[in-house]
Each structure stands twice: as structure tokens, then as C-alpha cells.
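Please read it alongside the sequence and the coordinates.

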Amino acid sequence: MKAELTGSKLGRYDILSEIGHGGMSVVYRGHDTSLNRDVAIKVMHSFLAEQPDAKERFHREAMAVARLHHANIIEIYDYSDENAEQNYIVAELVEGFALSTIIADSPILPLEMAALIGYKIADALSHAHEESVIHRDLKPENILLGTNGSLKLTDFGIARILDNESMTLTGTLLGSPAYMAPEYVEGYQSDQRADIFALGVILYQCAVGSRPFEAATPHALLKKIAAASYTPVNQVSPSVHSEFARITHNCLHRDPEKRYQEASLLRDDLHSFIDRAGIDPESDFCAYMKDPDATRSNLEERLKDNYLALGKEALQNHHTGQAIADFDRLLSLDPENQQVRKTLARLNRNQILFQLGRKAAAVVFLIAFLAAFGLTWLYFLPQQSGMSDLSTPPTPPPPKIAAPTEPEPAVAPPTLVNVSFVANGTGDLYIDGEEAAKGFYNTMAKELPPGKHTALLVGKTKVDRQEFEVFADGATPPVEFDVRPDKQATKAKFKQVTFRLPNTWANIFLGDNPKPIAKNKMGLFSLPLRYGIHELKFANPKAQPLTKLLKVNATEPTGPVEILLEPLQARLRVEGAPDGSLLDVAGKRYLINATTRDTPIFVPIPAGKGKHNYEIQVSKDNQVFRSTLTFRPGEEQKLNVQFQDI
């Protein structure tokens, strides 16, 4: 489809071609005729330009980004006047592509390059957060990778500036669901830690090629995010270094208090990870963007040498866990490295021998204790039994001479295998009769020797027993439990939730169900809702649809839930006013001329109202015409202007 503005001009900018488009705007390649440079021009859709809130949000994006100056944030050059016929933002042009294009089907390899991309994004977020700007729509589509080796964070269209201004409507979802933080999904106030959660999703996706939260429908996806139910990244791909997995996990905590509290902390951890691996943030990234295949091959060879040296150094410093993590990463790059395989086998054997040694020491201590206790008991026994002569102890029996036995052949210690456990519901986990976790829910992993095992998850009302086998070679399927209460037990958990919908009516939809759960509701009314988190949609042909996430339990909500639908704008046509007249309505001024006379003026209706009266003033020279009209959502009014002398 031919771009609408291609070949035209916007001020001093020639529109050359369309680059991309979204729900709010179209992005064009343009040329600045004054400075003789190509630029990116983001033009708001014409139908949105008629809506004051959309124009204000577009304006806020320009204001938010204009205050940010960072190597990894798109630079704003120019912005149209708020009252201009076309609303546009002029920014630097990035020759390249979005991050989403290269992680759509596969991960970024090697893994350290994914960490480098995350480091640059975290650095940009750290700067934005220091300037009190939260992105709120961080996703791969909004991260531009330049073929010159640049990375630019863009599209701050729903950024929130941390002051007293807020454009968020109660119950309205802003942003891309797959990257939303749980607190935002549940309707709570979010802060900069929601950006950190979104970056955790991106890191996960870069590492393994899929997102941690995926579902068939948006409603199911939101429920999964709200529960923070995902498989750890190093369980999806064993080649992921445990340090990278730890960083990602710290971003994806359900509780924002357990995440990185600042983007700078995440940035520093990512920098430490890539620096330790020998990755240079600038030269390696530039080389990767110019020639990914050749750079990847070169990086992998360097990483093999680096991780081998790092593992040996960790062993010398007695950091066995770090050494194992480095050697595991090396084996993911070089599976046939016999030197590392022998080292890991020796570490595993030593660990088992150490554990056996501890057990043997405990047995020796117990025997010594019992022997000492027994001698003391024998000392007191004769006096208590009336024996007074201890000079002739009883003759001990002759010692038994054990028959010689052949030494047992050495048996290689079993290799432990990482097994994933998934819990639906909450309970105490027992593996082979030993307690493995108290209050276990979601997912966890445990190393087990090959062979058959039995696991129990003991919930409040149910016990789930699973028998499974761990294989020395090949992956062991996750062990899944379900100790959720039966549906019959939760069937009665409903609550009558009261809503207040003033001055208008709405049909109400639940989740993705196309059939309304209630029709033509208005004023004060109640609906029975099951305990949990619900996505409710309120629709009226005369208003903007409103989506609200509602948490229902024994204590919430505490009172009527206010639903204020935003009415569609009314239209005003002016007749009889000469060219050059000035029209004032709803706090705005419009110029009447031959161009604008045939175009209706859009008049906002306050939220929650079915109609509204506005005083209108038309003036020209020394003449003023005043009138009061009643406007209704989506309807048109006409104003016949008749001037009279003041």
C-alpha cells in the first residue's frame, strides 16, 4: 500500500518513503532540506489527531525523549506545533532493523552477545530513570540495531514522567502484554521496576528464542504473567551460563521488591558478566552488526579460551561452583573438550568422596562416643551390683579373624542430572522420602543420580505422587504435580461486586469471551465474580471501550468500582462566520477560513457524562457572537453565527 504522505512536504522536510507503521503513527524516511540530512519522521494517524488525549500523548513522547541525551536513546531533532494540521516528531534515522527481527525464530548467539545487548539497554534505562522517565512499553520492536554498530531505544509513546502528571486512565492497559510486569497486570501502580521486568523478558528471549510467558490468548497470557509462572532460562537451554540465568531471574521476580531496584544495578551485573567473558561493549558489538556470522565464529573461539582460563583460575582460588559454571559454558561451545570433561568428572568424584568422608567421620565420632559411654557404664556397674573386686577383669573372648576378601572393583561415581519440578498449587516436596522444599510452588530444579525415583507434593487438601526415572544420557522430562483444590471446593468462591456507571450504559465482557456477561448496565449494579484476577471490558457505541483488570477476593474490592467511560467526541460545524473569525470552545481556539469551514471541529465530552453544555464564542475584529450548545457523544451540532455590534 502506497504511503499516504510519500512525495509530499512537512515544513522543511521532504517525505521520501514509509519505514513502518503502528497503531498510533506512521514512520517515514525524510530529508531535512535545511541541514541536508536524512531523518526519521513519525507522523500521527489523522484519525488520532482529532482526539485531544492522543495528541497530548504524542506531545508527551516528544517532551519525554527531548530531555534524554544518551548514546543508546534515539535523539529528537524537531517537533510540530501542538495545533499543527499534521502532528509529527523528527528524530535521527537509524539504518538497520529492530531487535524483534533477529529473535523472532532463534536466539542471539553466542549468549554473551545477548548479554551485551541487554547491557546497552539497561544503560539507556538507567539514564532515563535518572531523568524520572519510565518507558512503559519496552519490547524488541522498540530497540533499533544500526548496521554502524549503534543501538537505540525508541518509541516512548506511553512513557510516564514521574511528576504529578499522568495520562493513565483507571483500568486501561498501556503497553504490550507479553512484556508487562505482574503488578501492572494486577492493576497496581508500577514504577521503574516494570521496565526492569520487561528487560528481563527481552534477555530471556534473546538467550533462548522464546519468551518466558506465552499463551494462546491475551487473557491467558495476563494470568500467566500475574502468577509469574515460567521455566528458568537455563532449564530451557542448558548452554546458558548460570550467572546469566541469575541475572535474568532477578529481573523476573513477581514481587518488584525482589527485583533489581535500579536499572544501574542490572547494568553493572551485565557489564561484569560480559567483561569477565572478555567481550568489548563497543568493538565487538560493531563487528557483530557489520558481519554477524564471522564475528560469532571469532567470538566463540575466544570464549572457549577465556572460559577455560576462568575455570582454572576459579579452581586455584577454591571457587568450585564458579569453575563448574565456566566449564559447563565451555562444554556448550566445545562439547568434545576432553580436558574439561575429565576435570568435571574429577570434581564430581571428589565431591562424592568428600560427602562420604563427612559421613564416615560422623560414624567414627559416634563409635568413639558410644565406646566412652560404655566404659563409664562398666566402671559403675560392679558397685551397683554388689561386686567389690575389680582386680580380675573377665577374660575377653578371642578376637575373630575375618577371612580375606578380594578388593571391590572401583566404581565410577554416578553423574548427577538436573531435574525440573513443576507445581500447580503449593505444597511440601519430598523426593525419595527426604524433604526437598517447604511451601514449593511454580518451578525448581534439583540434581539427582540416574535411576528411578519417587516424589510427593503434599498440599493442603491433596497429595500428588509421581514416579519417574532419571537418565544418564538425554534430557529428563519435567516432573509435574497438581495439588490445587478440586473445582467443587472452589466453586462457591464468588463475590457480588458492585459497580457504578454514571450517566451512560455499557455491555460488559469477561476476558476473551465474545458474549457479554451483562447487557445495558448503568448506574449502580452488581455482578457475581469468582475470586481471582479478571479482565473486564465495558463497551458502548457512544464511548471509547474501557478495559479494567479487577482483583476479587474476600476483602477486595472494598466498595463500588467506579467506571467512567470516555465519551466519543462531538462535532461542531460553524456557518455564517466570515474568514478570519476566531472560534473559542472547550478551552481551545480555532481559526475559521475557507480551508477549515468544511471540516468539523471536534469537541470533547467529559468522562462519565452523556452530554455537556459549552459556551461558544466567535469573534472578528470588534464583533463577538456568543451561544451555548448542548453536545452529545458522537453527534454533530451546527452553529449559525450572527454578529452584532458590541
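A salt bridge is taken here as a side-chain nitrogen of Lys or Arg within 4 Å of a carboxyl oxygen of Asp or Glu, and the structure holds 28 of them. The model is a predicted one, in which local features need pLDDT of at least 70 and side-chain atom pairs count only at pLDDT 80 or more, while totals for chains, interfaces and linings use all residues. Residues are numbered from 1 along each chain as its sequence is written, and side-chain values use heavy atoms, with hydrogens and water left out.

**Overall composition**

The secondary structure of the protein comes to 14 helices and 30 strands, where helices (H or I, at least four residues) and strands (E, at least two) are DSSP runs numbered from the N terminus. Of the 646 residues, 41% count as buried; buried means under 20% relative accessible area, exposed means over 50%, and partly exposed lies in between, with a 1.4 Å probe and protein chains only. The accessible surface, calculated by the Shrake-Rupley method with a 1.4 Å probe and, for residues, with only the protein chains shown as cover, comes to about 35,200 Å², and 52% of that surface belongs to carbon and sulfur atoms. If a contact is defined by heavy atoms within 4.5 Å, residues 24 or more positions apart account for 58% of the contacts in the protein with a separation of 6 or more.

**Salt bridges**

| Pair | N to O distance |
|---|---|
| R29 and D38 | 3.2 Å |
| K304 and E301 | 3.1 Å |
| D584 and R589 | 3.0 Å |

K304 and E301 both lie in helix α11 (residues 292–316), where three residues, about one turn of the helix, separate them; E301 counts as partly exposed at 45% relative accessibility.

**Strand pairing**

Strands of a sheet pair through backbone hydrogen bonds, either parallel or antiparallel. Two strands are said to pair if DSSP finds at least two bridges between them. Strand β17 (residues 494–510) is joined to strand β18 (residues 518–530) by 11 bridges, the two running antiparallel, and within this pairing T498 stands opposite S526 in β18. With strand β19 (residues 532–539), β17 pairs in the antiparallel sense over four bridges, and here I508 stands opposite F538. With strand β22 (residues 561–562), by contrast, β17 pairs in the parallel sense over two bridges, and R500 stands opposite E562.

Elsewhere, three strands form an open sheet of mixed pairing in the order β27-β24-β30. Its edge strands are β27 (601–603) and β30 (636–640), each of which pairs on one side only. Neighbouring strands of this sheet are turned by 35° against each other on average, direction ignored, where axes are lines fitted to C-alpha atoms (for helices over the stretch in contact) and angles run from 0 to 180 degrees between N-to-C directions. Strand β24 (residues 570–575) pairs with β27 in the antiparallel sense over three bridges, and A570 has V603 in β27 as its bridge partner.

**Buried interior**

A nonpolar core is a set of buried Ala, Val, Leu, Ile, Met, Phe, Trp, Tyr and Cys residues joined through side-chain atoms within 4.5 Å. Of the 86 residues in the largest such core, L99, I108, L138, I143, L199 and L266 touch the most other members. Leaving aside its neighbours within four places in sequence, I143 is in contact with F97, A98, L99, I121, L138, L151, K152, L153 and I202.

A91 has its place in strand β6 (residues 88–92) and counts as buried because its relative accessibility is 10%. Apart from neighbours within four places in sequence, the contacts of A91 are V39, A40, I74, E75, I76 and Y77. A91 and A66 are 25 residues apart in sequence, and their C-alpha atoms are 9.8 Å apart in space.
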